[in-house]
Amino acid sequence: MRRVVFNQKGGVGKSSITANLAAISAAKGYKTLLIDLDVQGNSSHYLGFDINNDNNKNIAELLNQTVGWFSVSTPIKSYPQATPFENLDIIPSSPKLEKIESELERRYKIYKLRDALDELDKEYDRIYIDTPPNLNFFSKAALIGANKLLIPFDCDSFSQQALMTLLNNVAELRDDHNPKLEVEGVIVNMFNAQAKFPAQIIADLKDIGLPILEPYLPLSIKMKESHYHQQPLIHLLPSHKLTQSFNDLFATLEQTESAEVS
């Protein structure tokens, strides 16, 4: 199962959602891999990796080895690195992503991530992919390689407009490159249950038939604390209400998947 977490709008909690769902997956006993395709490296930092060091086992090096006749090919399975958390590995981001993007795009290497994922599927039960907050080469490659798409959403009118643009772009990409890609659902993040406006926005999205996942993830300062300590919530605050919401959301995703398999 390959899930890509993507939204063209920044600031919606994309990396937080990716890392926490992956951490829960690992804690439940699934051998889990997180791939960080965002040059900012927020997921990598969250899981304790410094993307500015000289480590050459990162996603940029994996993709870059597909360019040029004389590049030395390193086996795909050597790129995942263990995190401090059991069952959870990562292929971290790198600042080099920005430098190699135009070359990868020029040589039309858009399917190389999918090829790598085909190999990694043999090693992992679940793969989560974090993406940049724009529809660039790397986010397109992730959408082409994934089975399912999760869309973080933060309940404002600008986010609603961006969501509709995103869905149109995904529909076009699916038709052209990955007909198996399924929009698994919209994850409502930083939800304020006391305010009327977020509830109205969500109702509007439901009215047009969008799959809104439940539960909604509440706004909480504990997420920033989790980032600071570089520990996903399931490890830092296992009893907190936000952690429970993540647990319940993960259960929703797994139930849907089990129903599809059966």
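In which loop is Gln-230 found? Gln-230 sits in the loop between helix 9 and helix 10 (233-236), where helices (H or I, at least four residues) and strands (E, at least two) are DSSP runs numbered from the N terminus. Its phi is near 55°, a positive value in a residue other than glycine. Gln-230 counts as partly exposed because its relative accessibility is 27%; buried means under 20% relative accessible area, exposed over 50%, and partly exposed in between (1.4 Å probe, protein chains only).

The model is predicted: local features need pLDDT of at least 70, side-chain atom pairs count only at pLDDT 80 or more, and totals for chains, interfaces and linings use all residues. Residues are numbered from 1 along each chain as its sequence is written, and side-chain values use heavy atoms, with hydrogens and water left out.

The chain as a whole comes next. The chain holds 11 helices and 8 strands. Its radius of gyration is 18 Å, close to the 18 Å that the globule rule gives for 262 residues, so the chain is as compact as a globular protein of that length. That radius is taken over C-alpha atoms, and the globule rule is 2.2 Å times the number of residues to the power 0.38. Along the principal axes, the C-alpha atoms fill a box of roughly 60 × 40 × 40 Å. Of the 262 residues, 52% count as buried. Among contacts (heavy atoms within 4.5 Å) with a separation of 6 or more, 79% are between residues 24 or more positions apart.

Two pockets follow. Rolling a probe the size of a water molecule over the atoms shows where empty space is left. A pocket here is an open set of points on a 1 Å grid over the protein atoms alone, where a 1.4 Å probe fits, with protein on both sides within 12 Å along at least five of seven lines; lining residues have an atom within 4 Å of a point. Grid points are joined across faces, edges and corners, and a volume is the space filled by probe spheres set on the points.

The largest pocket contains about 530 Å³ of space. Its lining has 24 residues, and Gly-13, Lys-14, Ser-16, Met-223 and His-227 lie nearest its centre. Helix 1 (14-27), helix 2 (42-46) and helix 9 (222-229) are the elements that give two or more residues to this lining. By residue class, the lining of the largest pocket divides into 9 nonpolar, 11 polar and 4 charged. In this scheme Ala, Val, Leu, Ile, Met, Phe, Trp, Tyr, Cys and Pro count as nonpolar, Asp, Glu, Lys and Arg as charged, and the others, Gly among them, as polar.

The second largest pocket contains about 230 Å³. Residues lining the second largest pocket include Glu-105, Tyr-108, Phe-137, Lys-140, Asp-176 and His-177. Helix 6 (137-145) and helix 7 (157-176) are the elements giving two or more residues to this lining, and helix 7 gives the most, with 4 residues. The lining of the second largest pocket divides into 6 nonpolar, 2 polar and 4 charged residues.

Several single residues remain. Asn-87 has a phi near 75°, again positive in a residue other than glycine. Asn-87 lies in the loop between strand 3 (81-82) and strand 4 (88-91), and counts as partly exposed at 31% relative accessibility.

Pro-211 is in the loop between helix 8 (196-207) and strand 8 (212-213), and is partly exposed, with a relative accessible area of 33%. Leaving aside neighbours within four places in sequence, Pro-211 is in contact with Val-183, Glu-184, Gly-185 and Val-186. Pro-215 is in the loop between strand 8 and helix 9. A cis peptide bond, with omega about 5°, joins Glu-214 and Pro-215.

Ala-60 belongs to helix 3 (residues 59-64) and counts as buried at 2% relative accessibility. Not counting residues up to four places away in sequence, Ala-60 touches Ser-94, Lys-96, Leu-97 and Ile-100. Leu-237, in the loop between helix 10 and helix 11 (241-261), counts as partly exposed at 24% relative accessibility. Beyond its neighbours within four places in sequence, Leu-237 is in contact with Lys-222 and Thr-243.
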